[in-house]
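Please read these notes with the sequence and the model open side by side. They go point by point.

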Amino acid sequence: MRSVILASAARVLFPLLLLFSVFLLFRGHNEPGGGFVGGLVAATAYSLLALTGGVESARRLLPARPEILIGTGLLAALGSGLVSLAEGRPFMTGLWGETPLPVIGKPGTPVLFDTGVYVTVVGVVLLILLTLQEEDEP
Amino acid sequence: MTFVLALTIGVLYATGTYLLLRRGAVRVVFGLALLGYAANLLIFTAGRLVREGPPIVPAGAFAPPVPSADPLPQALILTAIVIGFGVQAFALVLLKRTCQEAGTDDVDGMREEGS
Amino acid sequence: MNLLLVLPLLVPLATAIATILLSRAPRAARAASFAGAAGLLAASGFLLSATIDGTILVTQSGSWPAPFGISLVADRFAAAMVVVAAVILAAVVAFSAAGIDAARERFGYHPLLHVLSMGVCGAFLTGDLFNLYVWFEVMLMSSFVLVSLGGERAQLTGALKYVVLNLVSSALFLAGAGLLYGSVGTLNMADAAVALRALPAQGLPSVVATLFLVAFGIKAAAFPLFFWLPASYHTPPMPVAALFAGLLTKVGVYALVRVLTLVFNRDPGFTSPLVLWIAGLTMVTGVLGAMAQTDVRKVLSFHIVSQIGYMLMGLGVGTRLALAGTVFYVLHHIVVKANLFLVAGVTRRVGGSFSLDRLGGLLGRSPLLAAAFLVPALSLAGIPPLSGFWAKYLLVRSGLEAGHGAIVAVALAVSLLTLFSMTKIWAEAFWKPAPAHDPGASTPPLSVAERASLLGPVLALCAITVAIGLGAGVLFRFADGAATQLLDPDLYIRAVLGTRGGGS
């Protein structure tokens, strides 16, 4: 399925989709969006690359193997829950900082949790899609 | 509105059950998906349908306006959809591998030989 | 306080993460896996010691008060279940050092084991029905992958049946949760129990209770929807099968006990006979299925089904003694059943086959293995003084006291048939001389490391079975305490909701 149009569109769309996914991730505190949707969009960006340029080209641009992404994402989510335990409050209690940061907004453990979800979703979806596609590639 | 949804749920359950009983494994997986949708829609309907009352607490107040929609069923459904998405993706992959190994998608043809 | 409740979830999660990140370093991953299992054992021990005096521990995760947030609750029954789950996980991880191939370890075997344990512990500890659904799915997802990992044809076809039936069960569970929410507006079990008191006992609550009964019945492999179990449990490697056989169906039983004693306890005239019928038919069909099999793994799989019937029998009879019997039975059975599957794994390693027709002469080749088979096998059949005898004794006595003669007769007949089927394995695999074409003749003798990894956990579980048998009084007093808590749902409700649930 080599299509010139799709291939050249993918090159432009890939950074846009990634940027949009990060936007969705941080928008998720107070408005529709969040780690899950953001992660799906980011995974779409990579799978678009894999469709047009082959699995190898998508893997080259990934920061780590999908398994490692899953592990890291889960670690971030787990860490966000542990912060409140360290403060002596029940597990997963949301804690917020006071001063807003640029782009991210007010920092807090839910942001960390959402980022963990984002990374995990990217890892899981790509693990499934890339493995499936690799089987079909000659 | 509730009646229409109830009817839809019934049709989804009926179709899902029918597909589950077919011999083609692909249909079985579709049947599972339909059962999941029916359950989600059931939660949605059982959580009461309210129009034009977003469950958002206005500035300065401490409770959402009455009547307002119950956000919890939607949170439950969202969770169930995400889980269903994962599970169905797995079921499809499993189905693909099984059909490759067994050479058929007919569940009757998938008996283990001997063993 | 609340750390105790969260640790049985956090330790497996942290271990799963560590083993994923170490997936390219199998040795380190194995060490992390073992450390995690030991950690879970310790965490569950702390939890049990904090609840053994009858305290019901509660924590509201995220600081959202019940019924708005998700409560985690541990009473005696829940804490004890977490402890046996940890014991089985530790045994399975130890067994896996020599009992699992490198390819499976590379494809996420260890992370999946721990995610599965997290799901199991979560299902035991949650106080919220929707959260229970989520833990069930966590458990199912990892078990789906574990059962199909390796991709042999028998595994895949078995996995497909397993997946389909369990997803049907999940859909029914979800529908039940939806209807319950529609009628009482809450899914917190304690809160729903209080709210249901305002409704008539018959009608919609009974419909919802039946939905849960069917959904959990499928997961527990109770009659009539049990056939996914014997179709799939014999296909994965034995450590995986042992973990499944020990824990997964028992989570279904636990959920049934929890829901029927806490939430839907007001119409026993409807639920009790239903549960008793299911119990009796489950016992009979399971044991008859087992007698027709000649593959060790399939015999054992059918016996899981049959044994589930006994646990449901206690729930159906419903007196304090009967529930104590169920608690006792579940705890003893998990250890025994997981052990039998591990023994089957060693048998395959030493004897070269799972088929009773091809096995033989193992008594001479490995007397230790023969002894290790005999302990759980006789316990399963209910021979004194092993743990199974006391479990059955409690159930039979409670059945007689409550005037349920028929189910007692069935239970006794089924345990005779169980004994027959265990002696069949004994006679065929261990007692009879090795057949002419002995598949075991070509297997290399066990190395020292293999002995430690394969026989160590088996003997440890045997020791637990014997200890339960000899010290039955201690476990009985504990089970009795757990049953007292189960029969007095107000204790649970007050612990979760505080003073609000106190009235009524």
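1. C:Pro224 sits in the loop between α9 (204-219) and α10 (228-232) of chain C. Helices here are DSSP runs of H or I with at least four residues, strands are runs of E with at least two, and both are numbered from the N terminus. The bond from C:Phe223 to C:Pro224 is cis, with omega near 0°. The bond from C:Pro384 to C:Pro385 is cis too, with omega near 0°. C:Pro385 belongs to the loop between α16 (367-381) and α17 (387-401) of chain C.

2. Before going further, note the ground rules. This is a predicted model: local features need pLDDT of at least 70, side-chain atom pairs count only at pLDDT 80 or more, and totals for chains, interfaces and linings use all residues. Residues are numbered from 1 along each chain as its sequence is written, chains are lettered from A and ligands numbered from 1 in the order in which they are written, and side-chain values use heavy atoms, with hydrogens and water left out.

3. Check the backbone at C:Ala221. This residue is not a glycine, yet its phi is positive, about 60°. C:Ala221 lies in the loop between α9 and α10 of chain C. Is C:Ala221 buried or exposed? C:Ala221 counts as buried because its relative accessibility is 0%. The cut-offs are under 20% relative accessible area for buried, over 50% for exposed, and partly exposed in between (1.4 Å probe, protein chains only).

4. Chain B has a positive phi as well. B:Arg48 is not a glycine, and its phi is about 75°. B:Arg48 is placed in the loop between α2 (25-46) and α3 (71-102) of chain B. B:Arg48 counts as exposed because its relative accessibility is 55%.

5. Helix α3 (residues 76-99) of chain C has 24 residues. From first C-alpha to last, α3(C) reaches 33 Å, close to the 34 Å expected at 1.5 Å a residue. The expected span is 1.5 Å times one less than the number of residues. α3(C) is mostly covered, with 21 of its 24 residues buried.

6. Helix α6 (residues 129-148) of chain C has 20 residues and reaches 28 Å from its first C-alpha to its last, close to the 28 Å expected. α6(C) is also mostly covered: 16 of its 20 residues are buried. Look at both ends. At the start of α6(C), a side-chain oxygen of C:Asp128 comes within 2.9 Å of the backbone nitrogen of C:Phe130. After α6(C) comes C:Gly150, with a positive phi near 115°.

7. Chain A has 5 helices and 0 strands. Its elements run α-α-α-α-α from the N terminus on. The C-alpha trace of chain A spans about 55 × 25 × 20 Å along its principal axes. Of the 138 residues in chain A, 40% are buried. Among contacts in chain A with a separation of 6 or more, 61% join residues 24 or more positions apart. Contact means heavy atoms within 4.5 Å.

8. How much area do chain B and chain C bury between them? The figure is about 2900 Å², 75% of it on carbon and sulfur atoms. Buried area is the accessible area (1.4 Å probe) that two parts lose on being put together, summed over both. On the side of chain B that touches chain C, the elements giving two or more residues are α1 (2-20), α2 and α3 of chain B. α3(B) gives the largest share, 16 residues. By class, that side of chain B has 22 nonpolar, 7 polar and 7 charged residues. Nonpolar covers Ala, Val, Leu, Ile, Met, Phe, Trp, Tyr, Cys and Pro; charged covers Asp, Glu, Lys and Arg; the others, Gly among them, are polar.

9. Chain B meets chain A through 6 residues on chain B and 6 residues on chain A. The area buried there is about 480 Å², with 72% from carbon and sulfur atoms. B:Phe85, B:Val93 and B:Lys96 lose the most area in chain B, together 63% of what that side buries. The side of chain B that touches chain A divides into 3 nonpolar, 1 polar and 2 charged residues.

Terms used:
Polar contact = N/O pair within 3.5 Å; in protein donor to acceptor, adjacent residues only side chain to side chain.
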